[in-house]
Amino acid sequence: MISVCIPCYNEERIIESTYKNVTVKLKKLKEDYEILFCNDGSTDSTLQKLKSIKKKDNNVNIVSYFPNKGVGEVYKRLFDTAKGDYVIITDADLSINPTIFKQLINYSNSYDLIIVQRDLKNYPFYRKIPSKVFNFIIR
């Protein structure tokens, strides 16, 4: 089984498209899967949208709590709850493109842990500048 885990915080604008994109890719893999959303204290309609998605799809599960506790708590709860032999965590904005899920699973035969990061080469300059300034300041 594959568990795709998605942390959520005020993602009402994108959560439905995230679900659709992930589901399309998982169905192509022809393996059992779950999509596990962790609602980290959202104050918008994220939780309501997740509940609506769950009503239509038995492969969807939700972990939710309030107030917001941060990414550390999110990851802990996702790993504690995930049922899959393979666990993939991606942000709700799909920073890890679902098209590489199959590739990640293939790599898992050789590795216990695989970490993927965004390809910053294709980021527009207005996204790169704040990152470079922040990195300069913290060094």
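Which strands does helix α1 lie across, and at about what angle does helix α1 run to β2? I looked this up before anything else. Helix α1, residues 15–29, lies across β1, β2 and β3. I noted an angle of about 160° between α1 and β2. The model is a predicted one, and I read all entries here with that in mind.

Next entry: helix α2. I find α2 at residues 46–56, lying across β1, β2 and β3. For α2 I noted the angle to β3, which is about 155°.

Then I turned to the sheet itself. In what order do the four strands stand? I read β3-β2-β1-β4, in an open sheet with parallel pairing. The edges are taken by β3 (60–65) and β4 (86–89); each has a single partner strand, so one side of each has no neighbour in the sheet.

For one pair I went into detail. Strand β1 covers residues 2–8 and strand β2 covers residues 33–40. I count seven bridges between β1 and β2, in the parallel sense. Opposite V4 I find I35 in β2.

Last entry: the surface. Which residues form a nonpolar patch there? I listed I129, V133, F134, F136, I137 and I138, which together have about 680 Å² of accessible area. I138 lies in helix α5, residues 125–138.

Key
Residues numbered from 1 in each chain as written. Predicted model: local features only at pLDDT ≥ 70, side-chain atom pairs only at ≥ 80, totals over all residues. Heavy atoms only, no water. Patch = residues over 30% accessible without salt bridge, like charges linked within 9 Å, V, L, I, M, F, W, Y side chains within 5 Å. Areas by Shrake-Rupley, 256 points an atom, 1.4 Å probe, with all protein chains shown as cover. Salt bridge = Lys/Arg side-chain N within 4 Å of Asp/Glu carboxyl O. Helix = DSSP H or I, 4+ residues; strand = E, 2+ residues; numbered from the N terminus. Pairing = 2+ DSSP bridges. Contact = heavy atoms within 4.5 Å. Axes fitted to C-alpha atoms, helices over the stretch in contact; angles between N-to-C directions.
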